[in-house]
Amino acid sequence: MRYVSTRGLAPPVGFSEAVAAGLAPDGGLFVPEFLPDLSGELAALGALPYPELCARFLGRFATDIPAPELGEVVARSYGAFDRPEVAPLLELSGGLHVLELFHGPTLAFKDLALQLLGNLYARQCAVRGETINVLGATSGDTGAAAIHGLSGKTGTAIFILYPDGRVSPLQERQMACTGAANVHALALSGSFDDAQAVLKALFADGAFRSRHRLSAVNSINIARILAQCVYYLHAWLRLPAAERRTAEFVVPTGNFGNVLAGWMLQKMGVPIHGFRVATNQNDILHRLFTSGDYQVGAVRPSLAPSMDIQVASNFERFMYYSLGRDGDRVRAVMAEIASKGRYRFSGFDRDTFSSSRCTDAEIPEVIRQVYRAYGYIVDPHTACAFKGLDPSRPSVVLATAHPAKFPETIRAAIGVEPTHPSLEALKGLPMVRHKIVADAAAIRGFIESRAI
Ligand SMILES: *Cc1c(COP(=O)(O)O)cnc(C)c1O
């Protein structure tokens, strides 16, 4: 399988190269050259445990990695989860299912992709006899999950910048208490935007980038999307037969990454009925799916911070497919969005998508309702998906974080404070973090002194 750019100007590359590069050299995102048809295989896949299903699925895409090695990478990635099912599917009441995506090391759904990506990076270093320095900026969950994907891995180092005092204390501990020598948590005096600006400046310096073989952690790596297809497939295969063709997947989303994976799986011949795109008050995607208007706004910080996004970077992949896989048209649309901050989009499939928005005032209310109705505690991101659930149709709600990651919001909503042993354990561990000014030269100096 080869990978082409959504913008059509980069030469096709193999899987490992697409993963190593992240972004395509023409500024586009890598997509598989074609989407394989899985419809004939579904019956045979039904009984496979998660890691085997994942290895089988990825085998169609990672064709430059020998199958036994891919199997090892996958087994290592999902062995770190606290449930053998990896992503358990619970039924709260008739036809209402929850797909729990928070059983990985950082208790958020990003682990499903970043554990795999970390092991792919480590394998690549071993195969090529090279090292890699991974660099990213985070407002919370992504940095923690990326760190746990690479923590202690030979040949790799990871540097994560975050705004000092603006990530939750638990998220900071997840980043700064690993005890691993290759992990560097940098608490920046400044905002998340400052952190991103520094990162951009460092990546713009080609000589620095290639000297240290820098790679970016972000949501656009194709390996992340493919890893996410697997939990949709695993869940779909476990639905009662009568619900498989009618159930809607309800997906809390910001960057469109999560829901894109489900949609790509549908395009591979898995007959999923549809998806609801569930946003918080940063509702660019809800506005898009109701009016066709894609209009970039200002981010308003919310109780579901990992969805506080107003430019849905993975949307470019969806656009690519919707515009007939025509890189010229994608370039024109992206240029229009960049210059005008908006675009009128008409090409999407209205039968497949619906959408909803949940404001900060509504999140605690939904947490309370779900707790009363089912005795089940949802985190603020998952609460966005429970808002306005249609009881007449079977649903699979994706639960993207463990509620114990957001103890204050949950306590305020229901008077109960959820806990998790791994978060409790963090409280007794020493924190290693580096306070640093939001200045490209200072951070470059730090990276130069610690790069592997
Ligand atoms: C990152 C994140 C999301 C949003 O994921 P997208 O890839 O932007 O769709 C939702 N919930 C949680 C808990 C997250 O960490």
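Helices here are DSSP runs of H or I with at least four residues, strands are runs of E with at least two, and both are numbered from the N terminus. This is a predicted model, in which local features need pLDDT of at least 70 and side-chain atom pairs count only at pLDDT 80 or more, while totals for chains, interfaces and linings use all residues. Residues are numbered from 1 along each chain as its sequence is written, and side-chain values use heavy atoms, with hydrogens and water left out.

Let me start with leucine 303. This residue lies in the loop between strand E11 (293-295) and helix H13 (315-322). Leaving aside residues up to four places away in sequence, leucine 303 touches Asp360, Ile363, Pro364, Pro380 and Thr409, where contact means heavy atoms within 4.5 Å. Its C-alpha atom is separated by 37 Å from that of arginine 329, 26 residues apart along the chain.

I turn to the aromatic residues. The structure holds 25 aromatic pairs. Rings of Phe, Tyr and Trp (its six-membered ring) pair if their centres lie within 6.5 Å; planes under 30 degrees apart count as stacked, over 60 as edge-to-face and the rest as tilted. Tyrosine 231 and tyrosine 232 are a stacked pair because their ring centres are 5.3 Å apart and their planes are at 25 degrees. Both of these tyrosines are buried. Phenylalanine 256 and phenylalanine 289 are also stacked, at 6.0 Å centre to centre and 20 degrees between the planes. Phenylalanine 256 lies in the loop between strand E9 (248-252) and helix H11 (257-267), and phenylalanine 289 in helix H12 (residues 284-291), so the pair ties together parts that are 33 residues apart in sequence. Phenylalanine 256 and phenylalanine 289 are buried.

Finally, the whole chain. Its secondary structure comes to 19 helices and 15 strands. Buried residues make up 58% of the 452 residues.

Technical notes
Buried < 20%, exposed > 50% of the residue type's maximum accessible area, 1.4 Å probe, protein only.
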